[in-house]
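Here's a quick briefing to read with the model open beside you. Take it one topic at a time and find each part as you go.

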Amino acid sequence: MKYLLLKHYRGGPAPVGDWVPMDRWTPAEVDAHMRYMRDFAARLEESGEFVDGQALAPEGAFVRYDGEGRPPVTDGPFAETKDLIAGWMIIDVESWDRAVELAGELSAAPGAGGAPIHEWLEVRPFLTELPTVTD
Amino acid sequence: MNESLLRELVPAVIGVLVRRGADFASAEDAVQEAMIRALETWSDEPPRDPKGWLVTVAWRRFLDATRAEASRRGRELAVEVEPPAGPVPATDDTLRLYFLCAHPTLPPGSAVALTLRAVGGLTTRQIAAAYLVPEATMAQRISRAKRRIAGLPLDQPGDLGTVLRVLYLVFNEGYGGDVDLAAEAIRLTRHLVALTDEPEVAGLLALMLLHHARRASRTGPGGRLVPLAEQDRSRWDTGLIAEGVTILQAALARDRLGEYQAQAAIAALHADARSTAETDWVQIVEWYDELLLLTDSPVVRLNRAVAVGEADGPRAGLAALAELKPDLPRYAAAAAYLHERAGHLEQAAELYAEASRAAMSVPERDHLTREAARVRQLLRS
């Protein structure tokens with residue numbers, strides 16, 4: 001079963017503890033965080049559970065159709081939005097419980113002072129293809 | 001026979017099929033199939049005449065495909081079924097293929113893909129892996145590109161400028177999948193140097209070699225970006241640097257300057273220095289001035305401002321930067337660097353953080369975040 005682990009710049013439940021932006025950590029703390037993320041992905045590749053991981057820039061816009069012959073309407077950059085996606089990891093695991101376990105591990109990445117950041121991650125199952133046997 | 005030697009034969013084999021009357025699109029497909037067959041079977045027993053083998057297999061594939069198409073449409077076969085007797089002609093159509101695959105009517109991404117397949121001899125699967133798209137998507141991009149240039153004759157001179165841009169794009173893509181695109185771009189540019197007599201082609205090759213020489217030192221553990229000033233210069237490839245400088249000098253001596261030669265000259269000045277402090281920044285600024293006369297690009301102005309900061313001090317660099325628009329890519333990063341050198345640490349820290357939010361790659365973003373953290377730490381101590 002595939003799951004999306006969604007990381008947000010903003011949004012989600014109230015953060016746990018005081019959130020210190022990364023540029024205010026020490027360089028060693030920044031390095032430790034990045035090493036943790038890298039090792040986490042490497043471990044999932046090792047266990048055969050990693051599918052994909054991508055990061056998104058914070059800049060962007062909402063876009064919609066605005067009628068025949070008119071250019072699309074854009075809205076953004078999102079100064080106002082409450083929710084901003086930072087990136088994702090797709091994992092292919094045996095169960096929901098395993099997906100939750102892994103999201104928990106990812107959320108324990110070290111932050112300022114080397115303590116886990118307790119970041120909220122959104123876990124969403126993928127809808128699957130229609131199975132061959134349906135009855 | 002190794003894969004890259006096999007790949008080198010691809011453009012010539014396509015040329016042979018086209019000379020026998022095949023259209024470029026079908027010839028290219030047939031050669032791709034022959035190439036895949038060769039990769040599957042040659043490891044056990046490579047043929048004595050690899051090019052002849054590829055021509056025979058590709059021609060058979062082409063005939064099969066054409067027959068199937070002709071019978072589907074109820075038409076007569078338009079080409080001679082029997083190839084002319086005698087040895088395969090020695091004419092090299094490779095240069096024409098470079099022009100066709102990088103035709104100015106093609107979008108750059110399509111020109112890149114088509115060049116890698118028809119001139120580089122890579123398989124669709126390898127190209128797709130290198131650009132992180134599904135194989136079917138890449139196959140579609142290539143066949144659409146071929147439809148777009150269908151009917152263009154292979155025997156006309158093309159636009160060398162777009163060919164060089166395509167090769168430059170491939171080089172800049174670096175590695176992806178199991179193919180080293182930078183090395184592939186160098187191979188294709190080397191070949192192009194042998195086929196043409198243009199100093200700009202040599203300039204591009206020199207530029208690639210001089211950057212390739214620093215590759216090992218550009219990344220640290222875990223893919224972390226190491227900026228020029230912190231690179232371990234003992235890890236630079238002196239053989240590649242020497243070759244790049246020699247090629248560049250010969251090109252410059254012909255007195256027909258172009259942007260690749262000017263960029264290569266800047267790379268050569270970096271390659272020549274033992275540290276950033278010992279770098280001839282005054283000459284680098286002069287080369288940026290030359291480059292501005294040739295291209296007048298805002299990106300060049302930005303790089304020039306940083307070089308001015310090294311040559312004449314950070315205040316001069318900031319003054320040069322002030323003439324540019326702040327929404328330029330990497331503007332904040334350049335401003336952060338110059339402000340730090342000018343001793344404005346608070347501003348530098350803010351700008352590094354801003355630059356990390358505007359970064360266009362993960363290694364750059366992580367590097368700039370680390371820089372922000374480093375300057376903040378200086379501020380605290």
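Where the two chains meet, chain B puts in 15 residues and chain A puts in 12 residues; being in contact means that two C-beta atoms, placed from the backbone, lie within 7 Å. This is a predicted model, so local features need pLDDT of at least 70 and side-chain atom pairs count only at pLDDT 80 or more, while totals for chains, interfaces and linings use all residues. Residues are numbered from 1 along each chain as its sequence is written, with chains lettered from A and ligands numbered from 1 in the order in which they are written.

**Chain B's side of the contact**
- Helix 19 (345-358) and helix 20 (362-380) of chain B each supply at least two residues here; helices (H or I, at least four residues) and strands (E, at least two) are DSSP runs, numbered from the N terminus.
- Helix 20 of chain B gives the most, with 9 residues.
- Sorted by class, this side has 6 nonpolar, 4 polar and 5 charged residues (Ala, Val, Leu, Ile, Met, Phe, Trp, Tyr, Cys and Pro count as nonpolar, Asp, Glu, Lys and Arg as charged, and the others, Gly among them, as polar).

**Chain B overall**
- Chain B has 20 helices and 2 strands.
- Of its 381 residues, 41% are buried, meaning that 20 or more other C-beta atoms, placed from the backbone, lie within 10 Å of a residue's own.
- The C-alpha atoms of chain B fill a box of roughly 80 × 45 × 40 Å along the principal axes.

**A look at helix 15 of chain B**
- The buried residues of helix 15 of chain B are Ile284(B), Val285(B), Trp287(B), Tyr288(B) and Leu291(B).
- Seen down the axis of helix 15 of chain B, these fall within an arc of 160 degrees, so they line one face; the arc is that of the directions from the helix axis to the C-beta atoms.
- What covers them includes helix 14 (259-272) and helix 16 (298-312) of chain B.
- Just after helix 15 of chain B, Asp296(B) takes a positive phi of about 45 degrees.

**The sheet in chain A**
- In chain A, 4 strands make an open, antiparallel sheet in the order 2-5-1-6; strands pair if DSSP finds at least two bridges between them.
- Strand 2 (50-55) and strand 6 (121-125) of chain A are at the edges with a single partner strand each, so one side of each has no neighbour in the sheet.
- Strand 1 (residues 2-10) of chain A is joined to strand 6 of chain A by 5 bridges, and Lys7(A) has Leu121(A) as its bridge partner.

Definitions and conventions: A residue is buried if 20 or more other C-beta atoms lie within 10 Å of its own, exposed if 12 or fewer, and partly exposed in between; C-beta atoms are placed from the backbone.
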